[in-house]
Amino acid sequence: IVGPISRRDVAETQKSFNLLGAYPDIDRGIFGLTVDPQNPYRVFFFERWTATMTGSIKIGPLTLPPSNKRIETPIHVTSITWNPDGKVVYESISPPVDRFEGNTKGAGAVFGLLAGAGLQLPASVGDPALIAQQKLNTDVFRGALGKTWSGEAEVPAWWKSTSKGAEPNDR
């Protein structure tokens with residue numbers, strides 16, 4: 001549960017974690033693309049990630065060694081919104097649709113990859129422990145363990161919510 005976060009900050013955080021190096025065979029398993037009937041510039045699709053952890057993950061000073069475990073995350077929904085000029089302006093990944101699928105104990109997407117490495121993190125909106133951990137990392141450690149949200153200058157002016165990370169929605 002992250003955001004709002006820029007594409008650049010997501011890429012930098014994932015690169016610092018070495019997720020693609022740890023899971024070089026990752027397959028996002030995309031299927032079921034559909035155009036939003038209320039917004040022709042938005043598409044939705046399902047993803048079921050599968051991968052084998054053959055490399056290490058690094059989160060700040062913590063290194064998670066290869067487990068050689070094959071993971072399968074529960075299905076989640078992704079949406080991408082473009083502007084009329086064809087520029088991506090927003091991407092969103094939902095929580096798992098069915099948390100009982102896969103072998104990551106209900107963790108989806110990046111949380112599923114981390115669970116496959118043996119790191120089970122809280123991943124619920126409003127979870128006080130997760131909110132505290134995210135604020136400590138962002139406000140005290142300046143994102144040393146990976147960015148959870150981007151700075152205000154990086155967030156588009158049209159973004160209205162003041163909620164960050166796992167904080168409850170304010171809209």
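Is Glu-47 buried or exposed? I looked up its relative accessibility, which is 1%, so Glu-47 counts as buried (buried is under 20% relative accessible area, exposed over 50%, partly exposed in between, with a 1.4 Å probe and protein chains only).

I note that this is a predicted model, in which local features need pLDDT of at least 70, side-chain atom pairs count only at pLDDT 80 or more, and totals for chains, interfaces and linings use all residues. Residues are numbered from 1 along each chain as its sequence is written, and side-chain values use heavy atoms, with hydrogens and water left out.

Salt bridges. I took a salt bridge as a side-chain nitrogen of Lys or Arg within 4 Å of a carboxyl oxygen of Asp or Glu. The count comes to seven. Glu-47 pairs with Arg-28, the closest N and O atoms being 2.6 Å apart. Glu-47 sits in strand 2 (residues 39-47) and Arg-28 in the loop between helix 2 and strand 1 (31-36), 19 residues apart (helices, H or I, of at least four residues and strands, E, of at least two are DSSP runs, numbered from the N terminus). Arg-28 is partly exposed at 39%.

Arg-48. I found a salt bridge from Arg-48 to Glu-72 and another from Arg-48 to Glu-101, the latter pair being 53 residues apart.

Thr-73. I placed Thr-73 in the loop between strand 6 (70-72) and strand 7 (76-82). Thr-73 is buried, at 0%. Beyond its neighbours within four places in sequence, its contacts (heavy atoms within 4.5 Å) include Arg-48, Ala-109 and Gly-112.

Helix 3. I checked residues 109-116: seven of the eight are buried, so helix 3 is largely enclosed by the rest of the structure.
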